[in-house]
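Thanks for coming, everyone. Please bring up the sequence and the model, and keep both in view while I talk.

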Amino acid sequence: MTSLRVLAVVLAGGVGRRLMPLTLARAKPEVPFGGMYRLIDFVLSNLTNAGYFKIAVLTQYKSRSLDRYISRSWQLSPFLGHHITPVAAQQQLGPQWFSGSADALFQNLHLLQEEMPEHVLVFGADHVYRMDPRQMLAQHAESGADVTVAAIRQPLALAHQFGVIEIAGCSRRIANFAEKPQNAVGLTDSPDEIYASMGNYVFRTEALIDAVCSDALDVTSTHDIGGNIIPMLARSGRADVYDFARNVVPGGRERERGYWRDVGTLDAYYDAHMDLLHPDPSFTLHNDGWPIRTWHDVVAPTAFLRGIEDRAGRAVDALVSPGVTVGGGATIERSVLSPRVTLQARARVEDCVLMENVHVGRDAMVRRAIVDKDAVIPDGARIGFDLDEDRARYTVTENGIVVIGGDEGSFPDNGIESIVNVPATSPG
């Protein structure tokens, strides 16, 4: 399918309010994941692994650092006509920002006109999954549909959480699309399941242009692809569904087939990290046949040190990135650590996600927490043990996960010397 003229458009302008405070100073697609990655790395890896090297990334909310990250991390060869281009909202049609995903495409129709592709892949930027989009494009091209929507089967009881695709009988043809319906109907072949939209679409270019232009004239529209464009094309009988369970990723384990996580809430974001730490994980970051690519500064190797008590730091069921320093007697269990995290002597971290340059003080204990970059856990602190006390200072989710923003405190950079040879003190 790479012989077809294809342009990929990644929608990366979401605010990510439900991920606050992680999105307080960054765009949602730039939120770190899995220690070494950003959320946007997953969609860009899926597209480039499939051989799609003409990609426009539409940004809007706090786009400066995201634009910089893409420019530094995702450079392709212009000599071959390859590019990953951040495209910020530019108010090209007047003094207004993107009012929805369909409006974002409408305001950037010049991108389609410059490339003149046969098909346009429109993918979201903030989901965790592996997918070979060539297989979806193959079905779309063979079917002659105007649009094909990627969908994942979900329990009928969860229909109110998703955009739900209703199909005509046992066919692939979409009969209706409903956003978070309260009375969804199960699939014909599986009455206890529904098709939930993944936010990934393949359009025939002419059909996409006609649809977003028509939508732009509709003053009652919310200018959303899922809410407006897909129902419009479904009414014409030319919208199909692609069952993500059929997608086979090179190098992938059978257990991982169909794995897709919308990490739009703090609890979902936390749970997706815990998926990585299972003895037989439903998703792993390791796959040389379909790698998730990223970029980081060069940092020193991870260091597990001994203190004067001759107790080495240790990690169990954990993902520990380069540049992490673990002091004598410190313990990491069931946690994901980003580069440059420091654990002082006898610190203990359990069931946590620690982002870059987090410092955990000596004798501190942290459990069931997400800690944003540059944050400080003071010596002797207890976080995740008394949620009422934690709520007075931090965000605590519905499921009891403590979320600590990156601006809450400061910490002196004393280097490794402050980790080694720290005598025991009573916690306080």
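This is a predicted model: local features need pLDDT of at least 70, side-chain atom pairs count only at pLDDT 80 or more; totals for chains, interfaces and linings use all residues.

**A walk through the model**

Let's start with a strand pair. Strand β20, residues 342–343, runs parallel to strand β22, residues 359–360, and two bridges join them.

β20 and β22 belong to an open sheet of five strands, ordered β14-β17-β20-β22-β24, with parallel pairing. At the edges are β14, residues 303–304, and β24, residues 376–377, each of which pairs on one side only.

As background, most residues other than glycine have a negative phi. Arg 346 is not a glycine, yet its phi is positive, about 65 degrees. Find Arg 346 in the loop between β20 and β21, the latter being residues 348–354. Is Arg 346 buried or exposed? Its relative accessible area is 13%, under the 20% cut-off, so Arg 346 counts as buried.

The other one is Asp 374. Its phi is near 70 degrees, again positive in a residue other than glycine. Asp 374 is in the loop between β23, residues 365–371, and β24. Asp 374 is partly exposed, at 35% relative accessibility.

The largest pocket has a volume of about 1800 Å³. It is lined by 49 residues, and those closest to its centre are Arg 18, Lys 28, Asp 126, His 127 and Asp 262. Which elements supply at least two lining residues each? They are β1, α3 (101–106), β6, β10, β11, α7 (225–235), β13 (260–262) and α8. Helix α8 gives the largest share, five residues.

Asp 126 is buried, with a relative accessible area of 13%. Its side chain makes a polar contact with the side chain of Lys 28, at 3.4 Å. Setting aside neighbours within four places in sequence, Asp 126 is in contact with Lys 28, Leu 39 and Val 263.

Back to α8. Seven of its 10 residues are buried, so the helix is largely enclosed by the rest of the structure. The buried ones are Leu 266, Asp 267, Tyr 269, Tyr 270, Ala 272, His 273 and Asp 275. Asp 271 is also in α8, which spans residues 266–275. Asp 271 is partly exposed, at 39% relative accessibility. From Asp 271 to Gly 13 it is 258 residues in sequence and 24 Å in space, C-alpha to C-alpha.

β10 also came up in the lining, and it has a partner. Strand β9, residues 163–167, and strand β10, residues 174–179, run antiparallel and are joined by five bridges. Ile 167 stands opposite Ile 174 in β10. The two strands form a hairpin with six residues between them. In the turn, Gly 169 has a positive phi of about 60 degrees.

On to the nonpolar cores. The largest has 40 residues, and Ile 40, Leu 44, Leu 47 and Val 57 have the most contacts inside it. Among the elements giving two or more residues to this core are β1 (6–12), α1 (40–49), β4 (54–59) and α2 (63–73). Leu 47 shows the packing. Beyond neighbours within four places in sequence, Leu 47 is in contact with Ala 8, Val 10, Tyr 52, Ile 55, Leu 121, Phe 123 and Pro 133. There is also a second, separate core of 34 residues, including Ala 56, Leu 58, Ala 102 and Phe 203.

Pro 86 is in strand β5, residues 83–88. Pro 86 is partly exposed, at 23% relative accessibility. Not counting residues up to four places away in sequence, Pro 86 touches Val 57, Asp 67, Ile 70 and Ser 71.

Then Pro 21. Most peptide bonds are trans. The bond from Met 20 to Pro 21 is cis, with omega near 10 degrees. Pro 21 sits in the loop between β1 and β2, the latter being residues 32–33.

That's the tour. Questions, please.

Conventions: Residues are numbered from 1 along each chain as its sequence is written. Side-chain values use heavy atoms; hydrogens and water are left out. Buried means under 20% relative accessible area, exposed over 50%, partly exposed in between (1.4 Å probe, protein chains only). A polar contact is a pair of N or O atoms within 3.5 Å; within protein, one must be able to donate a hydrogen and the other to accept it, and residues adjacent in sequence count only if both atoms are side-chain atoms. Contact means heavy atoms within 4.5 Å. Helices (H or I, at least four residues) and strands (E, at least two) are DSSP runs, numbered from the N terminus. A nonpolar core is a set of buried Ala, Val, Leu, Ile, Met, Phe, Trp, Tyr and Cys residues joined through side-chain atoms within 4.5 Å. Two strands pair if DSSP finds at least two bridges between them. On a 1 Å grid over the protein atoms alone, a cavity is a set of points where a 1.4 Å probe fits but cannot get out, and a pocket is an open set with protein on both sides within 12 Å along at least five of seven lines; lining residues have an atom within 4 Å of a point. Grid points are joined across faces, edges and corners, and a volume is the space filled by probe spheres set on the points.
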